[in-house]
Amino acid sequence: MPIKLIKSNPTIWEVGVGDEFTSKSHPFWYDERNTVVLFEPNPFLYASLVRKAGSYKNVRLYNVAISNENRFGYLVSAGLLSYLPEFFSPINTIFRGKLTLMLDAFKVPINIMTFDRFDNGNIDMLILGMEGAEFTVFETMSSRPSIIVLNNHYANDYGYTLPRAEVIQNWCRDNQYQIVQGIPDIMLLNQASLMNGLISIEQ
C-alpha cells in the first residue's frame, strides 16, 4: 500500500539518519525545490553524511542527539546503531552480554537538544529512527506533519519490535493521526491531511 505526500516543494526532516543508504529522505535530496533537514548524533556517521549530502544546497545537517532536555552527554555507538545510554534501546537486547563492553568502548561525547529548538512548525514529512531517544520528538514537536515515518532500520534483521508503542499510540489519539502498519516501518498519517488530499494512498 504505497503512501505518498502530495505537495510541491515539501519540507522533509529526518531524525536519526544513519548513513546515506539507511536514509528514508534520500530521494528528496536531489531536487533543490525540496527542503531537507537531517539530524545524526553519531559523529562518524555525520562526517559521512557531510561528504555525501553536504553538496546539496537544499540539505541542512545537524550533529546533535534529539532528546527531552538540552545538555552535554554521551552516545553509545555500535556501528550504524546508536543510542543514549539513559534510555532503553532495542539495541541493548540485540547485543546481549556485550552491553557493558560497548558502553566502555564506544561511548562518544555529544550535544543533546530538544526538538523544539529546531522545529519551525512547517514540517511536511518527518522520519524518525526509533532505536534511541527519537521518540522524545513527540514531547515538544509543534509541527503536525502530513506523514510521520517510524523507521525501524534493522527490525527485520535483528527481530526487535517498536519501542514505546503506547507513547506513540496516545500521541496519535490526541492529535488525530491514523497508524498504518508497515514492514518494517510504521506510518502515522495526519487525518486532516488525508481529508484535504495531501496524502495519496494506493491500494
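Predicted model: local features only at pLDDT ≥ 70, side-chain atom pairs only at ≥ 80, totals over all residues.

Me: In what order do the seven strands of the open sheet run?
Reply: Residues are numbered from 1 along each chain as its sequence is written, and side-chain values use heavy atoms, leaving out hydrogens and water. Strands (E, at least two residues) and helices (H or I, at least four) are DSSP runs numbered from the N terminus, and two strands pair if DSSP finds at least two bridges between them. The pairing in this open sheet is mixed, and the order is E4-E3-E2-E9-E10-E12-E11.

Me: Which residue of E4 is the bridge partner of Phe-39?
Reply: E3 (residues 35-39) pairs with E4 in the parallel sense, over four bridges. On the way from E3 to E4 the chain passes through helix H1 (residues 43-53) in a right-handed β-α-β crossover, meaning that with the strands pointing away from the viewer, the path from the first strand over the helix to the second runs clockwise. The partner of Phe-39 in E4 is Tyr-62.

Me: Why does Leu-126 count as buried?
Reply: Leu-126 sits in strand E9 (residues 125-129). Among the residues it touches, beyond four places away in sequence, are Trp-13, Phe-115 and Ile-148, where contact is heavy atoms within 4.5 Å. Buried means under 20% relative accessible area, exposed over 50%, and partly exposed in between (1.4 Å probe, protein chains only). Leu-126 counts as buried because its relative accessibility is 0%.
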